[in-house]
Amino acid sequence: MSGLAILTAAQMRAAEQAAIASGIPEYELMERAGAAAAEIIWRAGAKRDLLVLCGPGNNGGDGFVIARLLRARGVPVRVAALGESRTESSLKARAAWNGPVEPFDQAAPATQIVDALFGTGLSRGLEDAVADRLSSLTAQASFSYAVDLPSGVDTDSGALLSHAPLFGVCIALGSLKPAHVLHPAAGLFRRLVCADIGIVASDQVHRLSTPHLTRPLTSDHKYSRGLVAVVGGSMAGAGRLAARAAARSGAGMVRYLAAAEAAAGLDAIVTVQAKTISELESSLVDGRLAAVVAGPGLGSDERAKERLAAVLACGHPLVLDADALTLLGSGAAEGIPPGSILTPHEGEFARLGFNLRGDKISRATEAARRTDAVIVLKGADSVVAAPDGRVAVSSGASPWLSTAGTGDVLAGLAAGRLAVSGDPFSAACEAVWLHGEAARRAGEAFAADDLIAELPAAIASRL
Ligand SMILES: NC(=O)C1=CN([C@@H]2O[C@H](COP(=O)(O)OP(=O)(O)OC[C@H]3O[C@@H](n4cnc5c(N)ncnc54)[C@H](OP(=O)(O)O)[C@@H]3O)[C@@H](O)[C@H]2O)[C@@H](O)CC1
Ligand SMILES: Nc1ncnc2c1ncn2[C@@H]1O[C@H](COP(=O)(O)OP(=O)(O)O)[C@@H](O)[C@H]1O
Ligand SMILES: [K+]
């Protein structure tokens, strides 16, 4: 289920070198990049007047190619450069443009603007005057395009090294980079297009793609489709949200292991009284259990700790979220059964005590390696990392998801998908995608309960 590859700046350079070694000259890659970007711009803006802003490196070189090719199609093109070109290929592209080049700080606005100032080679923030002018020219244009990356973003972390405007389209060259999917950088464009320039990239790290789901077989029964248990705690509502999401995930059966008298809920969910530790332990002794969810509403007192210990000892694949993660704390690296999924948000991730720095993809990857579990590091950009190094990054989910209880829904959904397939990485990827799709269908100002109601339609869309 891999999607578009995501390469760091160094991996991109290595892929570029491999392409060059295979016989494609570096300048040919620049021509391909410029041609692909020019085509996208032509389709969007046709013959509207265009200003191309070119930087000193190869990103600027791409800009000169874009300018030349669109001029040849009859577009009124102006070019403004930030100083001299400094690379062999960009010098060649500038010479081939063979037209006037205005100083960057004096360029007048245009209907369309192309930011080809900096791409993957940006090593520090833009000077204030440059960043301000880029923002002002972009704000005045009706069509705006960032070539490869919006100038000012850190390629590998998605951090902003200097402030940058909002672009209409970002044209990623050759492959995606982390900044195309990680916030805040991923919020700097309305549309993302990836132009193929013939670079071969590993998709070990990729953008989350739409899953391919399957219908139950005629030979299936409720246990073969996957039995999920949700461990209730002191805040029963959160556990019930997880249980109800699991019940609409495609799994065959859901048991809710109640810590108190169970309130009425979805009748299809089998409520099992599991108030005491021995009741909980015996309810977890069932070889048919394919996934157990713990954490939503579990609580953080002594009783919660004992319940979590019973869950960790049961041996079934787990989905651990919320209070379970907080209780695990720095003990997360030990004792998690194989094939499990952990779904922390950034706060819970910090409490897991790995003391990891750096970008979100690297931190999630390292945590997956240390816990031997799939990590879903949630947020506006959710990173799903497997212990073997595979990573899928989701971005573009509805910000309306930032409402209480949606994480509980994700945990239940992940457990349901895990029970269906038994594969924790694909289950986590499917859950994140379905969660985002359900949010899209739920529209605005929804509650977590509304998200659950949309799950069957989200699943139906991928059968
Ligand atoms: N990889 C591929 O396959 C392909 C890549 N291609 C394209 O190449 C792009 C990468 O090109 P690139 O490496 O030349 O870097 P780029 O982003 O143009 O900038 C580097 C220059 O900027 C300078 N500089 C840095 N920060 C600065 C600042 N704040 N303010 C001022 N200056 C600053 C830096 O100087 P220095 O840091 O050394 O002082 C250096 O001179 C990539 O994004 C894509 O568009 C395609 O052509 C085809 C295939
Ligand atoms: N701004 C946002 N844009 C997109 N998705 C978001 C945003 N904020 C939160 N989410 C998603 O919503 C869910 C929130 O989970 P969580 O923080 O555990 O909330 P809760 O504990 O209230 O259930 C996660 O799946 C997260 O990825
Ligand atoms: K750029």
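Modeller: Helix H3 supplies five residues to the shell around ligand 1, the largest share. This is a predicted model, and the description below should be read with that in mind. H3 covers residues 58-72, and each of helix H1 (9-21) and helix H2 (26-45) also gives at least two residues to the shell around ligand 1. In total, 31 residues surround ligand 1. Glu16, Gly57, Asn58, Gly119 and Gly121 are the closest of them. By residue class, the shell around ligand 1 holds twelve nonpolar, 13 polar and six charged residues.

In an unreviewed entry, UniProt lists Asn59, Asp115 and Ser151 under "binding site". These three are spread over 93 residues of sequence, yet they cluster in space, with a largest C-alpha distance of 9.6 Å. One of the listed residues, Asn59, lies in helix H3, the helix with the largest share of the shell around ligand 1. UniProt, again in an unreviewed entry, also places the feature "domain: YjeF N-terminal" at residues 12-205. The span 12-205 is 35% helix and 19% strand, and its end C-alpha atoms lie 13 Å apart.

H12 (residues 406-421) and helix H6 (residues 236-247) pack with their axes 7 Å apart, at an angle of about 40°. Angles under 35 degrees count as roughly parallel and those from 65 to 115 as roughly perpendicular, so H6 is oblique to H12. The crossing of H6 past H12 is right-handed. On the H6 side the contact is made by Ala238, Leu241, Ala242, Ala243, Arg244, Ala245 and Ala246. On the H12 side it is made by Asp408, Val409, Ala411, Gly412, Leu413, Ala415 and Gly416. The residues of this contact divide into ten nonpolar, two polar and two charged.

To return to the part you asked about, H3 gives five residues to the shell around ligand 1, and Asn59, which UniProt lists for "binding site", lies in that helix.

Conventions
Residues are numbered from 1 along each chain as its sequence is written. Chains are lettered from A and ligands numbered from 1 in the order in which they are written. This is a predicted model: local features need pLDDT of at least 70, side-chain atom pairs count only at pLDDT 80 or more; totals for chains, interfaces and linings use all residues. A residue is near a molecule or strand if its C-beta atom, placed from the backbone, lies within 6 Å of it. Helices (H or I, at least four residues) and strands (E, at least two) are DSSP runs, numbered from the N terminus. Ala, Val, Leu, Ile, Met, Phe, Trp, Tyr, Cys and Pro count as nonpolar, Asp, Glu, Lys and Arg as charged, and the others, Gly among them, as polar. UniProt positions are given in the numbering used here, feature names are shortened, and annotations may be inferred rather than shown by experiment. Axes are lines fitted to C-alpha atoms, for helices over the stretch in contact, and angles run from 0 to 180 degrees between N-to-C directions. Angles under 35 degrees count as roughly parallel, over 145 as roughly antiparallel, 65 to 115 as roughly perpendicular and the rest as oblique. A crossing is left-handed if the near helix is turned anticlockwise from the far one by less than a right angle, and right-handed if clockwise. Two residues are in contact if their C-beta atoms, placed from the backbone, lie within 7 Å.
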